[in-house]
Amino acid sequence: MIKEYIKDDIAVVWDDKKCIHSGICYKGLPNVFKPNERPWIQTENDTKARITEQVLQCPSKALSIKY
């Protein structure tokens, strides 16, 4: 399943089929990426720049940014 989470003029895209659960997202930005909550990506909790920076660190590319 692919889900999108909107932040201003971008979307954080998550593809669960690619996710390897490395934890890099929530270890790096725990105020946005909260795997035990729904929705688990809460883009309202940080800036677009910081979220984008964290998404780009996803090793499996399960997280991406759509402009």
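Predicted model: local features only at pLDDT ≥ 70, side-chain atom pairs only at ≥ 80, totals over all residues.
**Exercise 1. The nonpolar core**

Task: Identify how many residues the largest nonpolar core has and which elements give two or more residues to this core.

Solution. 
Step 1. The largest nonpolar core has 16 residues. Among those with the most contacts inside it are Val12, Trp14, Trp40 and Leu63.
Step 2. Two or more residues of this core come from each of β2, α2 and β3. The largest share, 3 residues, is given by β2.
Step 3. As general background, nonpolar side chains in soluble globular proteins tend to be buried together.
Step 4. Trp14 may be examined as an example. Beyond residues up to four places away in sequence, the contacts of Trp14 include Met1, Tyr5, Cys19, Trp40 and Leu63.
Step 5. Leu63 is also the bridge partner of Trp14 in β3. The strands β2 and β3 pair in the antiparallel sense over 4 bridges.
Step 6. The covered face of β3 consists of Leu63 and Ile65, while Ser64 and Lys66 make up the uncovered one.

**Exercise 2. Salt bridges**

Task: State how many salt bridges a search of the whole structure finds, and for each pair describe its accessibility.

Solution. 
Step 1. The search of the whole structure finds 3 salt bridges. In general terms, side chains of opposite charge can pair when their charged atoms come close.
Step 2. Lys66 forms a salt bridge with Glu4, with the closest N and O atoms 2.6 Å apart. Lys66 is in strand β3 and Glu4 in strand β1, so this pair ties together parts that are 62 residues apart in sequence. Lys66 is partly exposed, at 44% relative accessibility, and Glu4 is partly exposed at 41%.
Step 3. Lys48 forms a salt bridge with Asp9, and here the closest N and O atoms are 2.7 Å apart. Because Lys48 lies in helix α2 and Asp9 in the loop between β1 and β2, the pair ties together parts that are 39 residues apart in sequence. Lys48 counts as partly exposed at 30% relative accessibility, whereas Asp9 counts as exposed at 55%.
Step 4. Asp46 and Arg50 also meet in a salt bridge, at 2.9 Å from N to O. Asp46 counts as buried because its relative accessibility is 13%, and buried means under 20%. Arg50 is partly exposed, at 45%.

**Exercise 3. Backbone features in the loops**

Task: Locate the cis peptide bond and the loops that hold His21 and Lys61, and describe the phi values of these two residues.

Solution. 
Step 1. The peptide bond from Arg38 to Pro39 is cis, with omega near -5 degrees. Pro39 lies in the loop between α1 and α2.
Step 2. His21, in the loop between β2 and α1, has a positive phi of about 55 degrees although it is not a glycine. His21 is exposed, with a relative accessible area of 64%.
Step 3. Lys61, in the loop between α2 and β3, is likewise not a glycine, and its phi is positive, near 65 degrees. Lys61 counts as partly exposed at 48% relative accessibility.

Note on methods: Residues numbered from 1 in each chain as written. Heavy atoms only, no water. Core = buried A, V, L, I, M, F, W, Y, C linked by side-chain atoms within 4.5 Å. Buried < 20%, exposed > 50% of the residue type's maximum accessible area, 1.4 Å probe, protein only. Contact = heavy atoms within 4.5 Å. Salt bridge = Lys/Arg side-chain N within 4 Å of Asp/Glu carboxyl O. Pairing = 2+ DSSP bridges.
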